[in-house]
Amino acid sequence: MYLIIFTTAIAVLGVIWYWSYRQQYRFADKWPSVQPRYPLLGNATIMLGKNDVERFEVIKRLFSESDRVTTAWAGPKMLLMTSHPDIIHQILSSPDCLERPFLYRFAGFTQGIFTAKLPVWKDNRKRLNSTFNQRIVHGFVPYFVKCCEKMTDSLLECTDRETVNIQKYTAVCALEMAAGTTLGGDVLQQAEGKHEFKRGLDLAFNGASRRMITVHLYPDFIYQMTYHYKELQEGRRIICDFFTKLLIERKQYLLNKSNNNDTNAEEEYNKPKILVDQLLGVSHDGKQFNDIQIRDNVYAVITGATDTTSLATAHACLFLTFYPEIQDRLHAEIDEVFPSDYKDYTPENIKKLIFLDMFINEVQRHCTVVPYVARENTAEIEIDGVKVPPGNIFIMSLFAMHKRPDIWGPDAEKFDPENFTEERIKNRHPAAFLPYSAGSKNCLGWRYAIFGMKLIMIHLVRNFHFSSQIKHEDMTFRHDLTLKLPFQHLVQLTKRNPPNLSTEVE
């Protein structure tokens with residue numbers, strides 16, 4: 001008797017739950033859904049038994065098959081997928097779509113500007129915006145140049161026509177740029193820990209991205225029993241150990257400066273205000289960042305700047321090897337603006353490199369370093385006539401949008417810097433190219449990234465001719481938070497200038 005009552009109660013509760021569940025997501029019935037889909041598991045089975053390259057290809061295919069909106073299911077949780085510029089623009093520009101969904105929590109450091117929930121993010125963004133304005137970034141250019149010259153000197157130590165993993169060098173250069181302009185200190189003189197930092201970054205990013213697409217690892221108590229969790233923790237420890245020492249040094253420097261009353265208003269205004277000074281200081285309303293917020297924001301800025309800049313420039317070097325005529329044209333432009341004995345790397349001169357702009361943009365179109373962004377709506381919004389209630393998650397593929405034939409034409413897969421002439425840009429959808437996202441939550445350091453990439457490429461192309469055994473058709477990617485190859489960026493270097501012509505900026 002009790003068994004019958006218990007079974008009946010379970011059945012009734014199951015029916016009520018299913019009815020409630022269907023009502024919650026009935027609004028999305030208009031849109032196609034990824035198949036196969038199973039109860040509770042959703043679409044999780046499509047990733048089973050696949051490596052990171054295969055996972056990337058599955059996700060790429062799903063977005064390429066979706067015209068406007070497609071539903072996918074992370075277990076019982078629905079995700080709304082899109083790569084259409086109309087919808088992406090609507091979501092990224094909406095004040096009701098500023099929240100980041102639970103998936104970002106897996107990246108950790110949840111008090112930082114990258115993964116923080118909306119109230120914390122708003123306060124962080126308001127206080128940190130000024131640290132990446134145009135005047136500040138222009139002030140960083142001389143330091144960027146020092147980092148690039150140091151990278152060039154390291155590469156010139158290689159034998160002529162030697163094959164190297166170019167990302168090994170761009171990663172160290174990008175890290176020195178990011179750490180030096182974020183934490184201060186003489187990062188250029190610290191030889192130890194930089195390659196270990198890169199290993200930690202790979203562990204941390206790969207661990208977070210793997211969890212995002214593995215539904216059974218969502219619960220913390222399950223995830224913490226896996227080796228994936230141990231790898232993630234090891235990566236975060238390596239990263240934090242690297243910049244903790246610099247953070248302590250900066251705190252002591254500011255304390256000594258305050259105690260000695262060593263201030264000069266005009267000098268301080270003209271000197272770039274690095275991020276850590278803003279984090280350690282007091283805002284106009286008397287607020288201070290706590291230690292966790294300082295740590296998490298330093299992590300977000302350094303790791304984001306290092307990974308994106310190093311990858312974009314390493315990808316760019318490979319494209320130079322794929323298309324020698326483009327490499328020759330780029331070298332001619334750089335040589336015209338910056339002859340071999342000319343080192344006036346002012347922002348005004350850098351802006352004269354029009355073809356370099358076009359080339360870097362086309363690299364970012366083909367290799368969008370942050371391929372996906374996600375948002376959760378906090379109020380009802382209407383998409384294609386469908387009213388989407390609050391609390392739903394949108395996954396947007398910038399990578400897929402940058403390859404859509406209906407935007408970029410039938411040759412969308414072709415590498416063509418001419419895609420970024422003024423005429424073509426004018427005739428294209430205004431939201432068709434978003435390498436730094438868009439809206440209020442666009443990349444905080446987009447100006448910083450542009451100047452960093454340009455200066456790295458100027459120094460590399462001025463000093464070396466690149467070739468490689470890798471072909472364009474060989475370029476595949478593996479699933480990660482950022483767009484990574486499953487193999488090294490191997491290029492052969494032919495020196496354009498004798499080693500003794502590489503000198504440091506005074």
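Asp202 is found in helix H7 (residues 194–212), helices being DSSP runs of H or I of at least four residues, numbered from the N terminus. The model is a predicted one, in which local features need pLDDT of at least 70 and side-chain atom pairs count only at pLDDT 80 or more, whereas totals for chains, interfaces and linings use all residues. Residues are numbered from 1 along each chain as its sequence is written, and side-chain values use heavy atoms, with hydrogens and water left out.

Asp202 counts as partly exposed because its relative accessibility is 23%, where buried means under 20% relative accessible area, exposed over 50%, and partly exposed in between (1.4 Å probe, protein chains only). Although Asp202 and Leu481 are 279 residues apart in sequence, their C-alpha atoms lie 9.6 Å apart in space. Asn206, also found in helix H7, is buried, with a relative accessible area of 11%. When residues up to four places away in sequence are not counted, Asn206 touches Asp52, Arg478, His479 and Asp480, contact meaning heavy atoms within 4.5 Å.

The largest nonpolar core has 161 residues, and those with the most contacts inside it are Phe359 and Met457; such a core is a set of buried Ala, Val, Leu, Ile, Met, Phe, Trp, Tyr and Cys residues joined through side-chain atoms within 4.5 Å. Helix H12 (residues 291–322) contributes the largest share of this core, 16 residues. Leaving aside neighbours within four places in sequence, Phe359 is in contact with Ala316, Phe319, Leu320, Ile326, Leu330, Phe415, Pro417 and Met457.

Note on methods. Helices (H or I, at least four residues) and strands (E, at least two) are DSSP runs, numbered from the N terminus.
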